[in-house]
Amino acid sequence: MQVIKYAFQQHGDERGMLVALEEYKDIPFEVKRVYYMYDTKTDVHRGFHAHKCLEQILVCICGSCKVLLDNGEEKKVISLEKPYEGLYIANDMWREMYDFSPDAVLLVLASDYYNEQDYIRDYDEFKRIAAQKRG
Ligand code: T46
């Protein structure tokens, strides 16, 4: 499984650091939605779904967390702990987020508006669709 992790350009000077993200330049899609999660309890696992079409980039802009990616055949765990690193998650990828540090803020840039119809929440259904697509 290919994991795409971006190291965004950091603009630093004596005042501190700044990262700027522009669609189609730093982000490979049009950004239609931004959301973020914080105050996530350390023992909590979130996600447990895939998307039919949605593409996203996850940036842990404060603290750290882990993301489990599962393409139906292979699983990988990615640590997000730098505010200048972005994890690309394509559609058709099962994801779970966990191990949030108490100060974690997980920012998500999404290629489309919120749409419950785009979610695949049943793991068996996800596995079936993934196997079909592999052929
Ligand atoms: C994903 C992972 C990384 C909205 O009203 N609008 C939104 O844009 C989103 C994302 C959520 N919500 C509502 C729906 C739920 O009542 O906020 C509540 C929590 O959402 P959810 O349980 O879907 O959160 P996660 O952490 O399980 O998953 C989220 C995204 O939904 C999902 O697309 O890939 O983060």
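1. Start at Tyr35. An N or O atom of the Tyr35 side chain lies 3.2 Å from an oxygen atom of the ligand. That is a polar contact (a pair of N or O atoms within 3.5 Å). The model is predicted: local features need pLDDT of at least 70, side-chain atom pairs count only at pLDDT 80 or more, and totals for chains, interfaces and linings use all residues. Residues are numbered from 1 along each chain as its sequence is written, and side-chain values use heavy atoms, without hydrogens and water.

2. For Arg95, an N or O atom is 2.7 Å from an oxygen atom of the ligand. For Tyr119, a polar side-chain atom lies 2.5 Å from a ligand oxygen atom. Taken alone, the ligand exposes 640 Å², and the protein buries 67% of that. These areas come from the Shrake-Rupley method with a 1.4 Å probe.

3. Now the shell. The ligand is surrounded by 13 residues, and the closest are Arg33, His51, Gln56, Arg95 and Tyr119. The shell divides into 5 nonpolar, 4 polar and 4 charged residues.

4. Which elements give two or more residues to this shell? They are strand 4 (33-38), strand 5 (46-51) and strand 10 (94-98). Strand 5 provides the largest share, 4 residues. Strands here are DSSP runs (E, at least two residues), and helices are runs of H or I with at least four, numbered from the N terminus.

5. Last, Arg121. Arg121 sits in the loop between strand 12 (119-120) and helix 1 (123-134). Arg121 and Tyr88 are 33 residues apart in sequence and 20 Å apart in space, C-alpha to C-alpha.

How values were computed: A residue is near a molecule or strand if one of its heavy atoms lies within 4 Å of it. A polar contact is a pair of N or O atoms within 3.5 Å; within protein, one must be able to donate a hydrogen and the other to accept it, and residues adjacent in sequence count only if both atoms are side-chain atoms. Ala, Val, Leu, Ile, Met, Phe, Trp, Tyr, Cys and Pro count as nonpolar, Asp, Glu, Lys and Arg as charged, and the others, Gly among them, as polar.
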